[in-house]
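Please look through this model with attention to how its parts meet.

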2 protein chains.
Amino acid sequence: MAEHPYHHGDLRAALLKGAEHTLREKGASALSLRELARSIGVSHAAPSRHFKDKQALLDALALSGFQRLTLALRQAATDAGTQGELTALARAYVGFATGNPELLEVMYARKHDPNASEQLKEAVDQLVVAVVQPIADGQAAGDIVPGDTMSIAMVVAATLHGIASFAANGALTPEAVTGVLDDAVHHLLHGLTPR
Amino acid sequence: MAEHPYHHGDLRAALLKGAEHTLREKGASALSLRELARSIGVSHAAPSRHFKDKQALLDALALSGFQRLTLALRQAATDAGTQGELTALARAYVGFATGNPELLEVMYARKHDPNASEQLKEAVDQLVVAVVQPIADGQAAGDIVPGDTMSIAMVVAATLHGIASFAANGALTPEAVTGVLDDAVHHLLHGLTPR
DNA sequence: ACCTGAACACCGTTCAAGT
DNA sequence: ACCTGAACACCGTTCAAGT
């Protein structure tokens, strides 16, 4: 077994892992395919067998990000009670954002690009469902005002995303995030609760 | 007068104008200093006299963006009444976002970078004031619940920014934006209004 | 003071050729 | 099937030299 066998074994997985590491450490703009190949010990042309271009690699990272975020939201939303469920949802979303700020940017950069793959669009749809479902449940339980579910979900999603953006880019310190989050859920709910 | 006099005249302004045009048409990732210089008819090394590097050019664009956005918010917030003022504020913010999506990204990319210039930080502070002021006014008028103004402003700003992001990246169509916006202000206010 | 031209050290992408 | 090496057309940045 030589140090550098001709076939890497699983170059695709190594590229994804390395790329996410670079993303996390140095940001998307610092991601270079040539440097990535170099660090893995493969020629600069090798990645093209697995990802047709740089965007294809970023798309694969975004896809995995959407899948992981959706999973996290689903696991969070199993609490009982509308307020508890929304709070858990909000914390899961913002937790992901603070834990993976650069990945989130890559994800949102492709979110509604018409050139995105069907697979990516499907993953985005799943994420939307994970956010809309708790709202629909809350309406069914009478905890949230009746009305167009999508438009209410849009407002909730916008607030979550705004807080997540502020947290991801430093406008909000990690310590301040939880407080703002709980405030936001509280203020939103008291506007959404019938009385 | 030759076609290409040795001195451009106002190369700095030409660079800013050309860069913003490219930003608008093709996005930040497609902005190349060399191509910019070429389109202006100047050598590729000339821009460095006016902007030490590419980031310095982007910072100048961001600065101008923050100043224009702050001005737009100030002009919007002169309506009478808390609800009207917040609605106008929201529309102005989101209008800027849909009209200048790529510029907004450049602005937010630098928003809390510790390496940002003092001038840029000052412009960001002015923007924050423009958002916080109407909240404080609403509290003084008894239209908004008492409590920490900054934390309430944070929730409002997050919602605005979330809607603006969705509008800027296509998650929300231009036609849908106004409706979502008015819904958001309505839902937020009914949570913020004492009763 | 302002700009050019050449040079340096990088990129992403493509493609014949090798294993 | 998978990877290499060379080539092409770009980048951003720096710096002596020109006007």
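Glu20(A) and Arg68(A) join their side chains in a salt bridge, with 3.0 Å from N to O; the term requires a side-chain nitrogen of Lys or Arg within 4 Å of a carboxyl oxygen of Asp or Glu. The model is predicted, with local features needing pLDDT of at least 70 and side-chain atom pairs counting only at pLDDT 80 or more, while totals for chains, interfaces and linings use all residues. Residues are numbered from 1 along each chain as its sequence is written, chains are lettered from A and ligands numbered from 1 in the order in which they are written, and side-chain values use heavy atoms, with hydrogens and water left out.

Chain A has a domain 1 (1–52) and a domain 2 (61–190), with bounds that come from an automatic or database domain assignment. Taken over C-alpha atoms, the centres of these two domains of chain A are 31 Å apart. Contact, meaning heavy atoms within 4.5 Å, links seven residues of domain 1 of chain A with seven residues of domain 2 of chain A.

Between them the two domains of chain A bury about 600 Å², of which 61% is on carbon and sulfur atoms. Buried area here is the accessible area (1.4 Å probe) that two parts lose on being put together, summed over both. Of the area that domain 1 of chain A buries against domain 2 of chain A, 68% is supplied by Glu20(A), Leu23(A) and Arg24(A), more than by any other three residues.

The rule finds one salt bridge across this domain interface of chain A. Four residue pairs are in polar contact there, both residues at pLDDT 80 or more; such a contact is a pair of N or O atoms within 3.5 Å, where within protein one must be able to donate a hydrogen and the other to accept it, and residues adjacent in sequence count only if both atoms are side-chain atoms.

Next comes the interface between the chains. Here 29 residues of chain A are in contact with 29 residues of chain B. Chain A and chain B bury about 2400 Å² between them, 70% of it on carbon and sulfur atoms. Met154(A), Phe166(A) and His187(A) supply 25% of the area that chain A buries against chain B, more than any other three residues. Between chain A and chain B the count of salt bridges is zero, and three residue pairs are in polar contact, both at pLDDT 80 or more.
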